Amino acid sequence: MIMVTLGLQLIAEFVAEISGDFVATVKQQITNLPSQKVNVIKGDENGVIWTGTDRGLVRSFGNSLITFTTKNGLPSNHINDIAIRNGAIRYVASSAGFLE
């Protein structure tokens, strides 16, 4: 795992992987993330952007931003990976284990 600081290069790489439609959403959410240390960014087929940070899992859709933490049932706030299949999260890997 490589932990990176969220920056324009990371955003550009992520957007290039998905589509130009996500540019505005990602840029709007930068300052609202619970942490600037981002481990993973994934987009699903519904246009939701999922960001794993060292302070929780963030769901971004349009102008809505929701952060999930151990208070919501995650095993840890340090999110390492997210697997998405058929428009839904299949698992979240954290520093304390997996959540399916």
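Mentor: Two strands count as paired if DSSP finds at least two bridges between them, and strands themselves are DSSP runs (E, at least two residues), numbered from the N terminus. This is a predicted model, in which local features need pLDDT of at least 70 and side-chain atom pairs count only at pLDDT 80 or more, whereas totals for chains, interfaces and linings use all residues. Residues are numbered from 1 along each chain as its sequence is written, and side-chain values use heavy atoms, with hydrogens and water left out.

Trainee: How many of the residues in β3 are buried?

Mentor: Five of the five residues in β3, which spans 49–53, are buried, where buried means under 20% relative accessible area (1.4 Å probe, protein chains only), exposed means over 50%, and partly exposed lies in between. I49, T51 and T53 point one way from the strand while W50 and G52 point the other way, and all are buried.

Trainee: Switching topic, what is the strand order in the open sheet of three strands?

Mentor: The order is β6-β7-β8, with antiparallel pairing. The edge strands are β6 (79–85) and β8 (97–99), each of which pairs on one side only. Neighbouring strands of this sheet are turned by 20° against each other on average, direction ignored, the axes being lines fitted to C-alpha atoms and the angles running from 0 to 180 degrees between N-to-C directions.

Trainee: Which residue in β7 is the bridge partner of R85?

Mentor: That partner is A88, and β6 and β7, which run antiparallel, are joined by six bridges.

Trainee: Last one: S94 is in which strand, and is that residue buried or exposed?

Mentor: S94 is found in β7, residues 88–94, and is buried because its relative accessible area is 7%. Leaving aside neighbours within four places in sequence, S94 is in contact with P75, S76, H78, I79 and N80, contact meaning heavy atoms within 4.5 Å.

Terms used
Helices (H or I, at least four residues) and strands (E, at least two) are DSSP runs, numbered from the N terminus.
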